[in-house]
Amino acid sequence: MRGGGDACGLRAGAVSWSRATWRPRPDMGSLSCPSSSASHGNLPHLLLFFLFVRPFNCLASYSRATEILYSLNEGLPAGVLIGSLAEDLRLLPSAGGQDLQSQSPQHSVAERNPPLSFSLASQGLSGQYVTLDNRSGELHTSAQEIDREALCLEGGRGTAWGGSISISSSPSADSADSCLLLLDVLVLPQEYFRFVKVKIAIRDINDNAPRFPISQISVWVPENAPVNTRLAIEHPAVDPDMGTNGVQTYRLLDYHRMFTLDVEENENGERTPYLIVMGLLDRETQDQYVSIIIAEDGGSPPLIGSATLTIGISDINDNCPLFTDSQINITVYGNATVGTPIAAVQAVDRDLGNNAQITYSYSQKVPQASKDLFHLNENTGIIKLFSKIGGSVLQTHKLTILANGPGCIPAVITALVTIIRVIFRPPEIIPRYIANEIDGIIYLKELEPINTPIAFFTIRDPEGKYKVNCYLEGEGPFRLLPYKPYSNEYLLETTKPMDYELQQFYEIAVVAWNSEGFQVKKMIKVQLLDDNDNAPVFLQPLVELTIEENNAPNAFLTKLDATDADSGERGQVSYFLGPDAPSYFSLDSVTGILTVSTQLDREEKETYRYTVRAVDSGKPPQESVATVIITVLDKNDNSPRFINKDFSFFVPENFPGYGEIGVISVTDADTGQNGWVALSVVNQSDIFVIDTGKGLLRAKVSLDREQQSSYTLWVEAVDGGMPPLSSTAKITILLLDINDNPPLVLFPQSNMSYLLVLPSTLPGSLVTEVYAVDKDTGMNAVIAYSIIGRRGPRPESFRIDPKTGNITLEEALLQTDYGLHRLLVKVSDHGYPEPLHSTVMVNLFVNDTVSNESYIENLLRKEPEISIEEKEPQISIEPTQRKGESVSCMPTLIALSVISLSSITFLTGMGIYICLRREKKHHREDENLEVQTPLKGKIDLHMRERKPIDISNI
């Protein structure tokens, strides 16, 4: 991969590099050749460096220094080829350069063409961005991406060697400001030594959008600014990219038909936007304009940045004061009190601030006598009676008043004052206050009852010539009544209860007038005093809240709000928890913020209901109560819980498919979806299934105890929460045996097998046995043997043990007992409710020897069927405990002694007899060995040990 950069090589010193002999690679661009003076300037430092690495006699070769310049775009990936120093400096042996030709011909090829080695003279910042192949001399971009703006925007001008970054304005640069990455490369071995200064110019790409330093830009324009006024917009946009990739133009999103933008470029190439006024401005019509200013660079595609531009219109004094009327008429009585305001004039100026300041003054045409009689306030325009009206005062005064503004022609208004002379004394009103009166204001409590007296008024005519009447003027719960029996006394009292919260202040007047139509007023001001007559009122008397369980400590619940219509301290509300509130709830008495200090558990308690109180600060205080209901919302914080860790079920075998084995009970303390539980069988799911809704465990197939006697399952319960929680339980299913297997006779193996019985067999001797097994268990597997059919010369000579199946000889064999004896043996279990059985034919051939087997076999085949004797075998099951008998022990001891003596005598005789028989048996060993095993059987019955089954242990 090639960087597409430019390369230039220049040999310093005596050797020159001709552009005609050096052919750059097609993908490396044009060649830029900087001056070699910089190389000569660094030569002393170079000589000092190599003084410590090579012998002094080689200094002549160190003067061969080279500069080479590459250029590439910023932001390239790793592995892009910047250039090959070996090719660009023509150091390859194949080039046949001067260096190779100068070698002695006596040297070998290896000596004439030693391998070149390239290395960085110093490891600086450049090592992060460039990798150098030590053998080929190829420069590649590294994994660290080159960002021109990050490297060079804050760099100083000039050139810094040794792996540094600089901005250079040399003629060889691609633009006025170029970013250079500088490398010092050593080329070895010594006979090809070069000290190469590599400059890599980083070309800018449009990877940065213009950006305004601030997001809100303000420009102020005087409202009298003429058209084409130009105002520079401070804080222009900044683009770290260079050249055409930088900011090129500006525009407004909305020009409001009043403005346009222009861009000026200074000698440094910086562009500044200018706001141009295109219409007449009037602050009084519109005082500001808001638009979006957009900066756009010259990249392809272009990038933009924006900011809000607020154009404020500053005020100038272009408006003068104006009166709404040109003349006002004023009437003043001759007995008016000095200082009484008689009128007020007011002018309006639409400007702002100092431009709108107005002062009032009399015109010079106003006589001085009028000015002395009526005072004009120059700031407020209020006209007051300044002196007492005398008898010589003119009845009409024309006051010309001027409204003066800065730089304006005064506005003019005429006040025509007419004085009405009073030639008699007006009626008099003399008050005497009953209620509390201070500075002409009567103070009443709002809870005063009806008909509360306020004041007495005496009405009279000073001249004593006219009749005087009076009445009450104004609105309010008051009345003025004659106070009998006096003719000129009047009582002012209340007519209904007053409420401070509805109205706090009343202004009424007692008016006295005489028969000549002249009247006088006495103004009365009544101020109500607030009482604590209102209890706090909750905005919500029932506050219903919800909170998820497992909340954080001191969790915010709500902010209670109660208002009190009273004023002052009487209206200040404090909040308190009711006595039924749990201790872990807190209520801020000032703010009314309700919190809970501990975690709530819905499974412990789902709903909290208690009261809160709002109490004011009156004396005595009043309060109101609200009810708070907090519902704790469920979270899936409880796993399903089985009633038992282990479940055991006993099921009879051959249980029908999908029959109910048992119920798996599981609960979940959560509610709703979080408490919904789904059950599933983790293992053995091909045999068992569980009903999720009812928890019924069923078997898909019929179960056979003989195949598998028990099953161990794991049942998983998963709730419906997010994320779901689960638990497992162990299920053990034990199959109860059913008598579904008859006894299986293992010996004899066939009804056609037979056994030779010698006539000399002693009574009580074991002849053979019947051996059977039962796959069932318990009583279903207890086997009893019985002979149900006999055939032969004297077949009753043989007896079978019902427990062991051993067949013994009961009586001594006679000459007439020779021949074939057939015994039909029934093998029966003790199953419930119906025992099962099997039969087998036991063939005994009584003779001294077997001389003709075919004869016996013919007898077995020709022998007719044997009639079956229905006689069930009896197996005595001895109880484990015997009841004590009430008879005397002496007869029992005597009987036991006799039986013991007889047994000893019998055993002694049997021992002698057996020894004698064993002597005789040795002489016939070979013959007996052949006939004592069944000819058709393969099992040595005499070698087996069979233990009787003890039913009491089953």
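A search of the whole structure, which is a predicted model, turns up 14 aromatic pairs. In one of them, the ring centres of Phe-456 and Tyr-483 lie 4.8 Å apart with their planes at 75°, so this pair is edge-to-face.

**Aromatic pairs**

- Phe-688 and Tyr-711 make another edge-to-face pair, at 5.2 Å from centre to centre and 75° between the planes.
- This pair, too, links distant parts of the chain: Phe-688 is in strand E49 (residues 688-690) and Tyr-711 in strand E51 (residues 710-719), 23 residues apart.
- Phe-688 is buried because its relative accessible area is 1%, and Tyr-711 is buried because its relative accessible area is 7%.
- Elsewhere, ring pairs connect Tyr-584, Phe-585, Tyr-608 and Tyr-610 into a cluster.

**Thr-229 in its loop**

- Look for Thr-229 in the loop that lies between strand E10 (216-222) and strand E11 (230-232).
- With a relative accessibility of 19%, Thr-229 falls under the 20% cut-off and therefore counts as buried.
- The side chain of Thr-229 reaches the backbone oxygen of Pro-226 at 2.5 Å.
- Setting aside residues up to four places away in sequence, Thr-229 touches Leu-275, Ile-276 and Val-277.

**Strand E45 and its two faces**

- In a regular strand, side chains alternate between the two faces of the sheet.
- Strand E45 (residues 646-652) has a covered face made up of Phe-647, Phe-649 and Val-651.
- The uncovered face of E45 holds Asp-646, Ser-648, Phe-650 and Pro-652.
- E45 runs parallel to strand E52 (residues 726-736), and seven bridges join the two strands.
- Phe-649, from the covered face of E45, has Ile-733 as its bridge partner in E52.

How values were computed:
Residues are numbered from 1 along each chain as its sequence is written. This is a predicted model: local features need pLDDT of at least 70, side-chain atom pairs count only at pLDDT 80 or more; totals for chains, interfaces and linings use all residues. Side-chain values use heavy atoms; hydrogens and water are left out. Buried means under 20% relative accessible area, exposed over 50%, partly exposed in between (1.4 Å probe, protein chains only). Helices (H or I, at least four residues) and strands (E, at least two) are DSSP runs, numbered from the N terminus. Two strands pair if DSSP finds at least two bridges between them. A polar contact is a pair of N or O atoms within 3.5 Å; within protein, one must be able to donate a hydrogen and the other to accept it, and residues adjacent in sequence count only if both atoms are side-chain atoms. Contact means heavy atoms within 4.5 Å. Rings of Phe, Tyr and Trp (its six-membered ring) pair if their centres lie within 6.5 Å; planes under 30 degrees apart count as stacked, over 60 as edge-to-face and the rest as tilted.
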